[in-house]
Amino acid sequence: MNPGPDPWSPSQLREYLVDADAMMAFMTDSVTKESLLNAPRLKTISCALKGYDNFDLRACAQAGVSVTFVPDLLTEPTAELAIGLAIAAGRNVLQGDAATRAGYSGWRPALYGTGLHGSVASVIGLGKVGQAILARLAGFGCARLLGVDPSVRLDQVELVTLDEAVSTSDYVFLAVPLVSDTRHLVDSRMLQLSKKGQILVNVGRGSVVDERAVVDALANEQLGAYAADVYEMEDWLLPDRPREIHPGLTNNARTVLTPHIGSAVRRVRFEIEMRAAENLVRSLRGESLSDVAVEASAAA
């Protein structure tokens, strides 16, 4: 067992997988084809997380290793955090906190920001998390709620194109999974189209955003603020990923950055880990699985 909090190195993981029948994986873990080369007994990988883009599913299938995940328990806390990030960014909460701690002498006409009420808000990606964000936004009195997702039809949102959403919205929430078509979905072209002063919130996947382009958009004030809980450097399977968060984000007063705490609610984390453990046990017993990304029988 890894005592944490840091993940095992690739060489350590390969060493421990040599005689392992099962692996319980967390957000910091990554399994590649190389990881599986010396894991002859491995039957299942049970992921205590929702996304599985850090796991080479094709390699797992070829090795006869099933992969399970937890698709739904992270939805509500992630949506809550998205709203919190938007409010923190729009209302200058971090700057206000720092100013108060530095010495408070009473109200001053400073730190004016923007609020969700009366604003146009867009959600990009209308899966479970995107829909949960929309449900929460509905209570804030937004002037318009826009949604972008070519595969979803919802009555409670005005469906628009990506270009229309970014060009008209005061707030844009990203709840998009990382696939080949969504890497750097938010790039310099999209940011040039964005409404000036827009607040961009990313709780999807880090590499959906080109962080360098975001830094440039903050510098020229096209973006009003950027808030994120996910970062490009976390997407382990991308060989050209950056190895750190862009310093133009970490050193910027108009960013709100949290360390991937979308599901960091004690009750929720316990439920996620219990579900992952149950998936692991069911797989080892040969029982049917519901939260399946790869079936062991899918191997050629």
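Which residues make up domain 1 and domain 2 of the protein? The domain assignment gives 8-70 + 263-292 for domain 1 and 74-255 for domain 2; such bounds come from an automatic or database domain assignment. This is a predicted model, in which local features need pLDDT of at least 70 and side-chain atom pairs count only at pLDDT 80 or more, while totals for chains, interfaces and linings use all residues. Residues are numbered from 1 along each chain as its sequence is written, and side-chain values use heavy atoms, with hydrogens and water left out.

**The two domains**

Select domain 1 and domain 2 in separate colours. Their C-alpha centres are 30 Å apart. At the interface, 18 residues of domain 1 are in contact (heavy atoms within 4.5 Å) with twelve residues of domain 2. The size of an interface is often given as the accessible area lost when the parts come together. Here the buried area (accessible area, 1.4 Å probe, that two parts lose on being put together, summed over both) is about 1100 Å², and carbon and sulfur atoms give 61% of it.

**The annotated span**

Next, select residues 11-291. An unreviewed UniProt entry annotates this span as "domain: D-isomer specific 2-hydroxyacid dehydrogenase catalytic"; UniProt positions are given in the numbering used here, feature names are shortened, and annotations may be inferred rather than shown by experiment. The span is 33% helix and 15% strand, and its end C-alpha atoms lie 29 Å apart. Helices (H or I, at least four residues) and strands (E, at least two) are DSSP runs, numbered from the N terminus.

**An open sheet and its helix**

Now select the four strands of an open sheet, ordered β1-β2-β3-β11 with mixed pairing; two strands pair if DSSP finds at least two bridges between them. β1 (22-25) and β11 (292-294) are the edge strands, each pairing on one side only. From one strand to the next, the twist averages 20°. Axes are lines fitted to C-alpha atoms, for helices over the stretch in contact, and angles run from 0 to 180 degrees between N-to-C directions. Strand β3 (residues 66-68) runs antiparallel to β11, joined by two bridges, and T68 stands opposite V292.

**A salt bridge**

The structure holds 14 salt bridges. For one of them, select R144 and E158, whose closest N and O atoms are 2.6 Å apart. R144 lies in strand β5 (residues 144-148) and E158 in strand β6 (residues 158-159), so the pair ties together parts 14 residues apart in sequence.

Technical notes
Salt bridge = Lys/Arg side-chain N within 4 Å of Asp/Glu carboxyl O.
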